[in-house]
Amino acid sequence: MSYKTILVHCDASPKAIHRLGVAVDLAQRHSAHLVGAFVQEPFNSPAFIEGGIAMDTLFAAYDKAANADREAAAAAFDKAIKGTHLSTEWRKTDGYIEEDLAVQARYADLVVLGQADPEAQIPTPADVPESVVLSSGRPALVVPHIGAPAQIGKTVMLCWNASRESARAAADALPLLQAAQKVIVLVIDPHPSAEGHGAEPGADVATWLARHGVKVTVQRDVAADTDVGDVILSRAADFDADLLVMGLYGHSRMREMVLGGASRTMLASMTVPVFIAH
């Protein structure tokens, strides 16, 4: 199993170079076709216009900025693939970013996205990773806006809670888990159960992974009154993990929105790339 089509979201953010580096490296490792996708959001006329400002003036400003963004994104993609022998493709489409990327992702094995950057001056919505994964049925690799080494996946931490979502993430991430030098299965506050964790939490998934040739160990932990996402980040630092794998929204999304949850913590505070699936 390997990834044969990898889609990477390209925008005008200077931080896009981080996700491009990761995407190019993965495409080279898997001999994959790499698709660079730029989505141009439509012009939305303001509800109220201050006196003296004509609509055509506003549209001209939008068009100028849109062209500049497209050219910057295309230049970054060209720079990232320069000197490689990859099969590549550049796509420019019009629409809403999260909706368009979700459709394109259905025809890829993996989509590489960027974490929301609070300082970004571009139109990319902050919830693109969640929206794309929940709508596409495909996994995503989210790269932190603070940066990441181009080559990731030497030490991988799989966050396991015996849910459908974590099982989906583990299966979708198998090519990365198999290639890792070390995989730590992190189980937090597990309750032995025949319906989920089994008598020895983490042991069943470790056995399954081992049959696939994954070099795996199990780490059981307790969150107590600490946010589970913070525990994951802390253990990732302890084990020097350079990639996290986890299911997205193990509870209902409404509950996650109200209570927070590990998914929201990780996507907001990630320090290493996070592979997510739903």
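Predicted model: local features only at pLDDT ≥ 70, side-chain atom pairs only at ≥ 80, totals over all residues.

A: Five of the five residues of β9 (residues 243-247) are buried, so the strand is largely enclosed by the rest of the structure.

Now for the neighbors. On β6 (residues 155-159), three bridges make the link to β9, and the two strands run parallel. If you want a spot to look at, find M157, whose bridge partner in β9 is L244. There's also β10 (residues 274-277), joined to β9 by four bridges, again running parallel. Here M246 stands opposite I276 of β10.

Zoom out a bit, and you'll see β9 sitting in an open sheet of 10 strands, ordered β3-β2-β1-β4-β5-β10-β9-β6-β7-β8, with mixed pairing. At the edges are β3 (87-94) and β8, each of which pairs on one side only. From one strand to the next, the twist averages 25°. Helix α2 (residues 55-81) packs on this sheet, where it touches β1 (5-9), β2 (33-40) and β3. The direction of α2 makes about 170° with that of β2.

Follow the order from β9 past β6 and you reach β7 and then β8. Six bridges join β7 (residues 182-188) to β8 (residues 216-221), and this pair runs parallel. Among the partners, V183 goes with V216 in β8, and V185 goes with V218. Together with helix α7 (residues 203-211), β7 and β8 make a right-handed β-α-β unit.

And the whole chain? You can count 10 helices and 10 strands in it. Its radius of gyration is 20 Å, close to the 19 Å that the globule rule gives for 278 residues, so the chain is as compact as a globular protein of that length. Along its principal axes, the C-alpha trace spans about 70 × 45 × 30 Å. Buried residues make up 46% of the 278 residues in the chain, and β9, with five of five buried, contributes to that share.

Methods: Residues numbered from 1 in each chain as written. Heavy atoms only, no water. Pairing = 2+ DSSP bridges. Right-handed = clockwise from strand over helix to strand, strands pointing away. Axes fitted to C-alpha atoms, helices over the stretch in contact; angles between N-to-C directions. Contact = heavy atoms within 4.5 Å. Rg over C-alpha atoms; globule rule 2.2 N^0.38 Å. Buried < 20%, exposed > 50% of the residue type's maximum accessible area, 1.4 Å probe, protein only.
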